[in-house]
Amino acid sequence: MPARQPIKDHIRESRLFNERAAWAAIISLVLLGCIAARMVYLQVINYQHFTTLSDGNRISLVPVEPTRGLVYDRNGVLLAHNIPSFSLEIIPEKVGNLDQTIARLREIITISDEDVQRFYRQRRHKRSFVSIPLRFNLNDEEMARFAVERHHFPGVETEARALRHYPLGKLAVHAVGYVGRISEEELRHLDENYAATDFIGKTGIERSYENVLHGKVGYKQVETNALGRSLRELSRIPPTPGENVHLTLDVDLQRVAEETLGDRRGAVVAIDPRNGDVLALASMPGYDPNLFVAGIDQSTYNSLQNSPDNPLFNRALRGQYPPGSTIKPFVGLAGLENDRIRINSTSYCPGWFSLEGDSHRYRDWKHQGHGTMNLEDAIAQSCDVYFYELALTLGIDRIHDYLHLFGFGDLTGIDLHEERAGLLPSREWKRARHKQPWYLGETVITGIGQGYMLATPIQLAHAVATLASRGKVYQPHLAQSVDLPGDSTLQDVAPPIPRAITMHDPQNWEDVAEAMRKVVHGQGGTANAAGRGALVQFAGKTGTAQVFGIRQDQRYVEKDISERLRDHALFIAFAPVEDPQIAIAIIVENGGSGSGTAAPVARRLIDHYLAKTGS
Amino acid sequence: MRWADRRGSRVFVRGMHLDIPLLIGLALLAIVGMVTLYSASGQNMDVMIQQGLRILLAFTVMFVLAQIPPHHVEYWAPWAYAGGVVLLLAVALFGEVGKGAQRWLDLGFVRFQPSEIMKIAVPVMVAWYLSERALPPSKTQLLIALLIIAVPAVLIARQPDLGTAILIGGAGIFVLLLAGLHWKYFFMAAAAAAACAPLLWYAMHDYQRQRVMSFLDPESNPLGSGYHIIQAKIAIGSGGIYGKGWMNGTQSQLEFLPERSTDFIFAVFSEEFGLIGLIVLLSLCAFIVIRGLYIATQAHDTFTRLVAGSLVLTFFVYTFVNIGMVSGMMPVVGLPLPLISYGGTAMVTVMAGFGIVMSIHTHRKLLPS
């Protein structure tokens, strides 16, 4: 040891150590005090802030789907409701090997490739620990088979969900429409009210009254853990169920309409001319809307989409046909109103008509000609030449303006979204559309509803209802009222406020109505056969629309060609003549003549409806 | 008779070489730990049994070390230190990688972290070195003491295990300060450290920088590195004055809080027992530290004084750093809360330290002073 090493002084060292130990104790206590101060800062001063954050962590708001409103016909027959349906669902987080589990499930339950694809698609959008449906609508046998094997499938459950169901199937499908899964496109336009909803109205009433039927989303507060699994419900704001919608539709009449059309392609629209209630709206063929609810599989959808009969096409609202001779009563009214003719003004029909200085002959459907005709006969026997002349006398401007009053060329405003406007030609339209002047010959054929003019069945029904009510224009509508479940008060959706078409001489209405009665009940009336033995006399007008060629989207199939090239048969009618309660427009595609195929349908509908209402 | 009984029991306790106040304080802390762990682990009985066995082991180690007279410790100090350095070198060369750091040494029958030994060996070695010489230490002695501290600290920091390195460095420096090192050296060193901080930044691993960044601004990465701190602060803050109640902490029970059984168990405790529980816990720690320092002042020679003082302060550093990091007062360094966090090694080391402290207290020659 070096000599310079100082001698240890034990007492001094002890004192020095005690001093330092005291310092250590003091510093330790000060540091513990710092911790305490920090805790006061966190737990007392910022208590509210951290409590809010803590609750935000654990409490999440889960939306609850409202029950969709029901749809009834005018007599309380259920058209759309919700039924419990069992679906096979998986919580992916609880399943070890998802692909393998699905593969094993497929051994006991039919699961299509599309089901699997949809499952994985949905999985990308869902939060964790949410059960995702793999298969909808399990039947009893499948439920039983899964119940036996269930213990092999942790994380796989059968869940009861309310699924839209249309108890009448195909019936009135083009009026009621259907719901389907919300698409990604639709999702972009929906607000938080749809947070819990999987389905949305795609067509028909389901679509147009979506905001009424849907209801208001509810919420439940659930406690969730860090993985997002909900553990218990803390509180709940119940959803407000959607309102029920009562339609003006009469299911019995609808059934008669659809059965009478049978397997023909066509459309029937029946309207109550006293208020615009749509009593029947049929487009044939139809399809089963229940197929779309659970998600239609691709092959069924393709077969519907590619069918030459085009069952998905709503002919009643979207089918645009040349109205043919059904336009004649309206052109006749235009003539009377514009003082171009009187009801007994006569004209000679030689079977053809030609313009001055033009050799082209506009033929009458009756080659030998009708002879001398007044307006009443011309309507009853559907003389073309009379209306060629009348059209020429009126000119296209007056025809356009007058037919426009009856709603041709415009949407009727029916409470369905699919409607098309048809086409009411005018000089302005032709200049804009074809960059050509209007030719006189086009006026001539417009007089018999040919040429450019197109009308939808709903437009024709609307126009004939206006005629039947002697000029009261009611907007056609399918929904009558809405109510809340458990609340007996009905609230009218659209109170009928008519717009009126005024005649200089109200007798003109009666004259045309009488002429239309003679179509059905008069000597030589074109629908004479259909009127024989009718319960109540009714007024009508036949029409035939030429099919000019093969539509571009139709394939050329030889065995179909003859049938598909036949004329479309049209018929408009109202009954009873004096006090009309029903107005009808019918189109039978490739039905041949209006008198042969369309008028008998009207006859059956009118008989059925008036027998039922007791007139 | 009563008097004789009390004397008898005192003699018995002295024969056991235990310090009853310190033992009670540590036992209470262990009970608080078990109660908190029961909630934090989600009532996992396997965890409880394992932790119970570790506590048993830790108290046994304490008891065994309390029986060894301090002069044996003094004799073995240089050997233990040298052995520890050799083991640390072995870890650096052959050690196993666990959780991204090379800390473990596998001896075939047991895996352990040699750095744990150094938590005791370093302060004992420094005390051994300084107590041979007159105090306060001279500059030369200071330099040698610093070297004794730096060699294992650097080896451990390179593993990397910054928490343990800081702890060991702290334990060594406590010995120097308790030995009467002039405060001016301490402040000079602190100033030098502050000046070197930017250099330190470049020496750090990425994850260490992340921790510092998360500490300075946890909101910058709330779902990544800041998540632990944010969730722990929410747990503590939402506990309020009275706490949410045992096993009712939503942050912990619903698994928002990570590492809730181990390093972050303090957040569970604060959430469920609130400020009141915290004051009880801090009082317990304060009592243990004060009792330990008192024992140190009662020691009969410089070596035992320094050893007892520095081991007690090591326990304090554990507690302070853990609570400080969980409550967001300092960066996350990964030190457990002794006797409360789930996990054995740190607890065994701390209890071994208290065993030595008790031995120092109970092996005094009972001479009237």
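1. A:Arg255 and A:Asp252 form a salt bridge, with the closest N and O atoms 3.6 Å apart; the term requires a side-chain nitrogen of Lys or Arg within 4 Å of a carboxyl oxygen of Asp or Glu. The two residues are three apart in helix H10 (residues 251–261) of chain A, so about one helical turn separates them. Helices (H or I, at least four residues) and strands (E, at least two) are DSSP runs, numbered from the N terminus. A:Arg255 is partly exposed at 32% relative accessible area, and A:Asp252 is partly exposed at 33%. Here buried means under 20% relative accessible area, exposed over 50%, and partly exposed in between (1.4 Å probe, protein chains only).

2. The model is predicted: local features need pLDDT of at least 70, side-chain atom pairs count only at pLDDT 80 or more, and totals for chains, interfaces and linings use all residues. Residues are numbered from 1 along each chain as its sequence is written, chains are lettered from A and ligands numbered from 1 in the order in which they are written, and side-chain values use heavy atoms, leaving out hydrogens and water.

3. Over all chains there are 31 salt bridges. One of them joins A:Arg427 and A:Asp397 at 3.1 Å, N to O. A:Arg427 belongs to helix H17 (residues 427–434) of chain A and A:Asp397 to helix H16 (residues 384–405) of chain A, so the contact ties together parts 30 residues apart in sequence. A further network, built from salt bridges that share partners, contains A:Arg68, A:Arg164, A:Glu206 and A:Glu210.

4. A:Phe119 and A:Tyr120 are edge-to-face, at 5.5 Å centre to centre and 80° between the planes. A:Phe119 is buried at 0% relative accessible area, whereas A:Tyr120 is partly exposed at 28%.

5. Ring pairs also link A:Phe330, A:Tyr402, A:Phe406, A:Phe408 and A:Trp509 into a cluster.

6. S1(A) pairs with strand S8 (residues 218–224) of chain A in the antiparallel sense over six bridges; pairing requires at least two bridges between the strands in DSSP. Opposite A:Val62 stands A:Lys220 in S8(A).

Technical notes: Rings of Phe, Tyr and Trp (its six-membered ring) pair if their centres lie within 6.5 Å; planes under 30 degrees apart count as stacked, over 60 as edge-to-face and the rest as tilted.
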